[in-house]
Amino acid sequence: MAKLDRATVVAEALDLLDEVGLDGVSTRPLAKRLGVQQPSLFWHFRRKEDLLAAMAEAAMAPHANAPLPRPDDDWREWFLENTRSFRRTLLIRRDGARLHAGLPPVPGDLGRIAHKMAFLTDAGIPEADAQMAMFAASRFTVGCVLEEQADDGQLGNANMPQISHDTAFEAGLALILDGLVARVSTTDR
């Protein structure tokens, strides 16, 4: 086998995640997949939490590499697409939302976050409202994906009409955006 590196360990760990779910990810089956002894994984990751954080960072790459907003973009459309991109990325991996939940942004993301915040404030959104809208949209999205990945595909029960996860997500996202638009309209007066 070729020399074991950090990227290979993370890639195999993500494949293991897709096969067995987050509860099944541990160093024992990962070492077996890689054809190494379990202690050799500790050369790259001292703790399981470090491995999970690296997995979450790699799993978020599609969203983290999405184009940043340009000054001429409509902030409303960008806000919607940014949140949708986040959801799509979380849904790529089995238990993607659970893997991501509770982790702080990685240092490499801080510049992207600052760019997004500057874009919103340059569009006339007060900084505190922009921060809370991004925070609310992020938490809402993680919660929606947690539910979606734990569910059979439909919301509702015998006493309530069935609602798809896509429909529920889009309705909630529209409410967040509508609230932000209302806040901006109020501050413009």
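Predicted model: local features only at pLDDT ≥ 70, side-chain atom pairs only at ≥ 80, totals over all residues.

Student: What percentage of the 189 residues in the protein is buried?

Tutor: A residue is called buried under 20% relative accessible area, exposed over 50%, and partly exposed in between, with a 1.4 Å probe and protein chains only. The C-alpha atoms fill a box of roughly 65 × 45 × 20 Å along the principal axes. Of the 189 residues, the buried share is 35%.

Student: Among contacts between residues at least 6 apart in sequence, what percentage joins residues at least 24 apart?

Tutor: A contact means heavy atoms within 4.5 Å. Among the contacts between residues at least 6 apart, those that join residues at least 24 apart make up 71%.

Student: Which elements are included in what covers the buried residues of α4?

Tutor: Helix α4 takes up residues 48–59, and its 12 residues reach 16 Å from the first C-alpha to the last. That is close to the expected 16 Å, where the expected span is 1.5 Å times one less than the number of residues. Its buried residues are L51, A54, M55, A56 and A59. Their cover includes α1 (6–20), α2 (27–34), α5 (61–64), α6 (75–92) and α7 (96–100).

Student: At roughly what angle do the axes of α1 and α2 cross?

Tutor: Two packed helices are described by the angle between their axes and the distance between the axes. Axes are lines fitted to C-alpha atoms, for helices over the stretch in contact, and angles run from 0 to 180 degrees between N-to-C directions. The axes of α1 and α2 come within 10 Å, and their crossing angle is roughly 115°.

Student: Which residues of α2 make the contact with α1?

Tutor: The crossing of α1 with α2 is right-handed; a crossing is left-handed if the near helix is turned anticlockwise from the far one by less than a right angle, and right-handed if clockwise. On the side of α1, the contact is made by T8, V9, E12, A13, D15, L16 and E19. On the side of α2, it is made by P29, L30, R33 and L34.

Student: How many charged residues does the contact of α6 with α9 have?

Tutor: The axes of α6 and α9 (residues 127–150) come within 10 Å and cross at roughly 35°. The contact involves residues of α6 including W78, F79 and N82, and residues of α9 including A133, M134 and A137. Ala, Val, Leu, Ile, Met, Phe, Trp, Tyr, Cys and Pro count as nonpolar, Asp, Glu, Lys and Arg as charged, and the others, Gly among them, as polar. By these classes the contact has 10 nonpolar residues, five polar and, as charged residues, two.

Student: Is T141 buried or exposed?

Tutor: T141 is in helix α9. Leaving out residues up to four places away in sequence, T141 touches T83, F86, R87, L90 and F169. The side chain of T141 also reaches the backbone oxygen of A137 at 2.6 Å. Because its relative accessible area is 0%, T141 is buried.

Student: Which residues does L173 touch, not counting residues up to four places away in sequence?

Tutor: L173 is placed in helix α10 (residues 165–188). Its relative accessible area is 0%, so L173 is buried. The residues that L173 touches are F79, L80, T83, R84 and F140.

Student: Near what value is the phi of D95?

Tutor: Most residues other than glycine have a negative phi, and most peptide bonds are trans. D95 lies in the loop between α6 and α7, and counts as buried because its relative accessibility is 14%. The phi of D95 is positive, in a residue other than glycine, and is near 60°.

Technical notes
Residues numbered from 1 in each chain as written. Heavy atoms only, no water. Helix = DSSP H or I, 4+ residues; strand = E, 2+ residues; numbered from the N terminus. Polar contact = N/O pair within 3.5 Å; in protein donor to acceptor, adjacent residues only side chain to side chain.
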